[in-house]
Amino acid sequence: MPDRHDSGAFYTPADVATSLVAVTVEQGPVVDPACGAGVFLLAAGIRLAERGADPRELATTRLFGADTDPVAVHLTRCALAGWAGVEPSGVAGVVEADPLVAGRSCWPTAPGAGFGAVVGNPPFLGQLRSGTAFDADRRRELRRRFPDLVGAYTDAAWLFLALGTDLLAPGGRMSLIQPQSLLSARDAAAVRGYLLGSGRLDALWLDRSGVFDGRTPVCAPVFERAPAETSEVTLLADRHLEPAGVAAAPIGTVGWGGLVAGLLGIPMVSPSSDGCVGDMARVTAGFRQHYYGLVGAVGEDADVATGRPLVTTGLVDPLNCRWGSSQARFAGRRWSAPMVDPAAVVDEGVAAWIDERRRPKVLVASQTRIVEAMVDPEGGTVPLTPLITVEPDPSDLWHLAAALSSPPVSALAAVSAAGAGRSTGRVRLTARLVADLPLPGDRTTWDEGAEAAMAIHEAGWMASPQLWRAFGKVMCGAYGVSSTPLLDWWWGAHPASRSVIN
Ligand SMILES: C[S@@+](CC[C@H](N)C(=O)[O-])C[C@H]1O[C@@H](n2cnc3c(N)ncnc32)[C@H](O)[C@@H]1O
């Protein structure tokens, strides 16, 4: 029997399906391209029957579904037949098929103009897990079918959105449950652009209530195949799809994190900026080989005669390095003061790489609630993958550190990562994201912020909340944004706010 994880088969609770159908389905025919046991089609049938349609006619000619699992197809037919009072064999629109490949041809009896509604919860098949990743044949097949939409990390669920768009009649509406990664993942940009190029985003549902029992956090775009009439998107939140205000409609392929920032408690900022981090510094991240190349070349401080401190993600705090005061994890064990012995690094490429890192730099952790960046003014530390290394001209070191540690940059990073972190609320940074972060527009105030950053670095873990908040406020000024409510949001997520008595 196929594993539920591997086929992405987690069925939707009936109340959630009913709520999504209520905001989506206005007319038939309706299709669910990955129908499972038919919960969405049943909800759609009930809704259209309440509007006067005949259940028998609906079940036999107006409700369509597909699933690659024959048991699911049988269950859907039985559910619709039982509801409408017809024979399961009469529910001819529900078929065993793979619509991602076969498209509309799965439903030869469907009307030529397309469907009035597409609903459902397609399988989430992320490419980072071996059980759900496409094999080479499947990837080729999907690339042929969706030439511009399949990247290295494309989730199958996103492709169902493209399929659904193609299946809709003009004026038709669609909502398909999606992993929240749709909102911000780089490889989802093409699908986001495809949707906006074919119609308008009417509403966006974001679940924060754990509808799937704490599995992948989900959302659902409510899409209409029609030109945009307004520039607003209605927001719906949590299990009962409560109205949660409106947001400005997105344009092009940009991330949709900004739409849900308010729902995730992230303040929106529009900084006045002058260039970006990548203009002023080289931003890099090590690869796997830079991690494994250090195994066997690390010892405790006391045992390594001429070594360089190894800094792990866990040792990076905002403007502070905990090397030697907190334990580090590396290569399956804990270390009190891990030192790299460069002479013991066997791989020449790795040896050259760590040699190049011997310069003043800022090290940025990659999975934190706010951006956490520490400064290595002498340049001796060796950053461990997945730390991100920012190497400016040494005279710009403290300015870069102040910019990266500022509240506006944390808010921007949180917005662009909304939905992408392994757990919601984590900023998942990459070298490219860091390089694209903006620099402050007001140089004089930024100078003040750089000095405050240096003072905090020197105070180390003794830096007071007053010092931190004063720094945060100055940097809000440098970016020309209001410190309310940004400063409180940032400080609430700041590790130092938890380790001191405010
Ligand atoms: C997440 S379940 C959801 C089922 C149903 N829509 C619901 O919400 O309860 C996904 C379903 O997609 C089916 N599936 C997986 N790959 C498929 C494909 N390529 N085409 C159609 N169905 C597929 C699985 O068998 C499973 O029944």
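Figure 1. With 28 C-beta neighbours inside 10 Å, Leu 319 counts as buried. Here buried means that 20 or more other C-beta atoms lie within 10 Å of a residue's own, exposed means 12 or fewer, and partly exposed is in between, with C-beta atoms placed from the backbone. Keep in mind that this is a predicted model: local features need pLDDT of at least 70, side-chain atom pairs count only at pLDDT 80 or more, and totals for chains, interfaces and linings use all residues. Residue numbers start from 1 along each chain as its sequence is written. Leu 319 sits in the loop between strand 15 (316-317) and strand 16 (320-321). Helices (H or I, at least four residues) and strands (E, at least two) are DSSP runs, numbered from the N terminus. Leu 319 isn't a glycine, yet has a positive phi of about 50°.

Figure 2. Most residues other than glycine have a negative phi. Look for Ala 331 in the loop between strand 17 (328-330) and strand 18 (333-335). Is Ala 331 buried or partly exposed? Partly exposed, with 14 other C-beta atoms within 10 Å.

Figure 3. The bond from Thr 385 to Pro 386 is cis, with omega near 15°. Pro 386 belongs to the loop between strand 23 (382-383) and strand 24 (388-392). The bond from Thr 484 to Pro 485 is cis too, with omega near 0°. Pro 485 is found in the loop between helix 18 (465-478) and helix 19 (486-492).

Figure 4. Strands count as paired if DSSP finds at least two bridges between them. Contact means C-beta atoms, placed from the backbone, within 7 Å. Strand 20 (residues 361-364) and strand 22 share four bridges; Lys 361 has Asp 376 as its bridge partner. As for helix 14 (residues 397-404), eight of its eight residues are buried, including Trp 398 and His 399.

**Figure 5. The buried side of helix 4.** Which residues of helix 4 (residues 55-62) are buried? They are Leu 58, Ala 59 and Arg 62. These residues cover an arc of only 125° around the axis, so they are on the same side of helix 4. That arc is taken from the directions from the helix axis to the C-beta atoms. The buried residues pack against strand 1 (30-32), helix 3, strand 2 and helix 5 (70-84).

**Figure 6. Around the ligand.** The ligand is surrounded by 25 residues, and the closest are Tyr 11, Thr 12, Ala 34, Gly 36 and Asn 121. A residue is near if its C-beta atom, placed from the backbone, lies within 6 Å. Helix 3 (39-50), strand 2 (63-67) and helix 6 (99-102) each give two or more residues to this shell.

Notes
Contact = placed C-beta atoms within 7 Å.
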